Amino acid sequence: MSSSSHRSSSTNHLPIRLRALAANLWWTWNPEAQQIFKELSPLVWRYSNHSAIAVMQEISDQELAARLQDPPFAKRVRAVIEEFDEYMSPASTWVSRHAPALKDPVAYFSAEFGLHESLPIYSGGLGVLAGDHTKSASDLGLPFIGISLLYRQGYFKQRINPHGWQEELYPTATPESLPLELILQPEGGRLLNSVEIGHSTVFFQTWRLRVGRATLYLLDTNLPENESHYQGLTSTVYGGNIDTRIGQEIVLGIGGTRFLQSMGIKPSVYHMNEGHSAFLTLELLQRELKNSRNKQHAEQRVKASCIFTTHTPVPAGHDRFSADLMYHTLGRFWSASGLSFDDFLAYGRVNPADGNEQFTMTVLALKMSRAANGVSELHGHVSRNMWKELYGASREEEVPIGHVTNGVHTPGWATHHAHVFWNQRLGFDWTDKLMEPSFWQKLTNDGLATDEEIWALRYTLRRDLVEFVRRQQFEFFQRLNVESPLDTAHVLSPDALTICFARRFATYKRAPLIFRQLETIIPILKDPQRPVQLIFAGKAHPRDNEGKRFIQRIIEMTRHADLIGRVVFVENYDMNVARHLVSGADVWLNNPRRPLEASGTSGMKVLIHGGLNLSILDGWWREGFDGTNGWSIGTDAHAPEPEAQDEQDFADLLQTLTQSVIPEFYDRDAQGVPRRWVGRIRHAMATLIPRFSTDRMVSEYINNYYLDRSRRG
Ligand SMILES: *Cc1c(COP(=O)(O)O)cnc(C)c1O
């Protein structure tokens, strides 16, 4: 009976291992692990927005022991735990093979991290990019530490009121309901650090979050030691006024750097994801100035360890603070540096002699980094032009800003169904081959997956989306306590060409563009032989009334007599809603006002699901589009005037839709399969997946940015 006693003893420790598994976000990109948590409590899984921690808190040790008495279930749990153990201690990694010199961690500072829908510490694309960067860093074996803030109230939960107007709710999460561990001092008791803001000393504690092999530290000022108005300083993402903003940025940049020092962590590189954390360079400068009074020497040493990624293609989008505000909030910090106030402000000014110029975080980051980059080729051009003056350059080429085009963490975005489908056809290790063009090239013929199978996948994913939207609509009308104007079964069709538009409702993204001429678009959408349906989602910033009017316009369209049931808006765009939309969409629509979409990433998430992009040639799509792997709206140029641009882009959008997209989708052979469409999917996957993954992106950061310093020693 020794084998059975062995089996039962290994089952005995499974509960502990399962609880530990829930505490590492690795499960967010392992579908079988998610499935196990979901099966443990489908209800808690659903109400907690898919939180493994919430599920494990709901389940008693007694229940867990009992559930694990079911041998097939226990077997699956054991298999996932084995997979996790292998992941955590691999024989070798990409970094150990290709960049063994990288030993000290990269410290990556970001005001937001989008890791999972159950962890509300992100607002949109910037955060999702940081989250995907972290997951790929873990996958590639890069020593990586992320620094951010613990926002207990997150961004906000979006509700649409009966007038079609966005309202914001701020539910509060407790750290206990999140997979967080409080950082303690060696002798016990929580580790406290502090920053000076105005006349106050603001304390913060720090929480550890494990993301595979990577670690995130989240700083949190919600402490009784703080004056009450500072207790909520870190409660919402980009919330409050300018004082909140600068306070949060002081905690993030200066506080984050002090925290690392208090932990004895010596990063090889400080990577600033956008300018919010740029005060970190001034904290590093102060340290250097304590050792050497030679200012230039100190600056050089700071620069040698910092790199900066800019994301904002318009001057107005950059954080700027008045000299007054700087004086009042950073006066104590500055006076400790021994610099004159003018010298201090000069770090954030293009023209230090101009006393009226505001202090700009991007300028600070650019001045104090050894390397900087935009997030697509076009955005690199735009950024070099925008900052010519800073470098005294007359030509763009003289400006030392490069580019690394963004990507997505494909395994994290692939739905359960997509994982199962590709595991069967590409093998379980497809997630290790995201950077290999020759691997994905195999999809251009039908050796691994037939047209029929790919078309079946598209149908399954589209139906999943339609049913998800129907549930949402049902709950929406139930909450408003009004009769749904349409029987749920008539909301959308699983057979119709499905176009999705989901992103922040920043006005430059032009959500309502497709409705510019209703009399033209309505007959196209309503064509009984070739129907087209549109699904929208997105949040407007709470203070962006223009963006809220765009949402209202879309809501109006969803109620239009000719469009009802064909145009829908899904509330509360978050990573969960995004995953449903990017998997179900046949076509992902992107029509920003060029060149304002620095990169854009949502269109990359559709690829593994067989979705296709229809987009302005802006950001990543300008690099990705090759003429046949999706569609462009217009050409690699744009009209200078916004109104002319809208007019032209609308005309181009209609033309591509009616001449190519719609006819190709409905061009079926005797088996009912749109062969040319599926061919386009194959070509899109083969050409785009290996280029637009964060594995490729992080490897580029390693080779061109992170490694540089280690080589220089
Ligand atoms: C991917 C994603 C974004 C970023 O999409 P863009 O294409 O850059 O607009 C924003 N929000 C959520 C929830 C996402 O998943």
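View 1. Val408, Thr410, Trp413, Met604, Lys605, Leu607, Ile608, Ile689 and Phe692 line the second largest cavity, where a cavity is a set of points on a 1 Å grid over the protein atoms alone at which a 1.4 Å probe fits but cannot get out, and lining residues have an atom within 4 Å of a point. This is a predicted model, in which local features need pLDDT of at least 70 and side-chain atom pairs count only at pLDDT 80 or more, while totals for chains, interfaces and linings use all residues. Residues are numbered from 1 along each chain as its sequence is written, and side-chain values use heavy atoms, with hydrogens and water left out. The second largest cavity holds about 40 Å³ of space, a volume being the space filled by probe spheres set on the points, which are joined across faces, edges and corners. At least two lining residues come from each of α18 (410-413) and α25 (602-605); helices are DSSP runs of H or I with at least four residues, strands are runs of E with at least two, and both are numbered from the N terminus. By class, seven lining residues are nonpolar, one is polar and one is charged (Ala, Val, Leu, Ile, Met, Phe, Trp, Tyr, Cys and Pro count as nonpolar, Asp, Glu, Lys and Arg as charged, and the others, Gly among them, as polar).

**View 2. The largest cavity.** Of the two cavities of 30 Å³ or more in the structure, the largest has a volume of about 60 Å³. Its lining includes Ala111, Leu149, Tyr151 and His276, and helix α11 (residues 242-262) gives the most to this lining, with four residues. Five nonpolar, two polar and two charged residues make up the lining of the largest cavity.

**View 3. An open sheet of six strands.** The strands follow the order β17-β16-β15-β18-β19-β20 with parallel pairing, two strands being paired if DSSP finds at least two bridges between them. At the edges stand β17 (567-570) and β20 (631-633), each of which pairs on one side only.

**View 4. Strands β15 and β16, with a helix on the sheet.** Six bridges join β15 (residues 497-502) to β16 (residues 532-537), and the two run parallel. Helix α23 (residues 545-559) packs on the sheet and touches β16 and β17, where contact means heavy atoms within 4.5 Å.

Technical notes: 1 Å grid on protein atoms, 1.4 Å probe; cavity = no way out; pocket = protein on both sides within 12 Å on 5 of 7 lines; lining within 4 Å. Axes fitted to C-alpha atoms, helices over the stretch in contact; angles between N-to-C directions.
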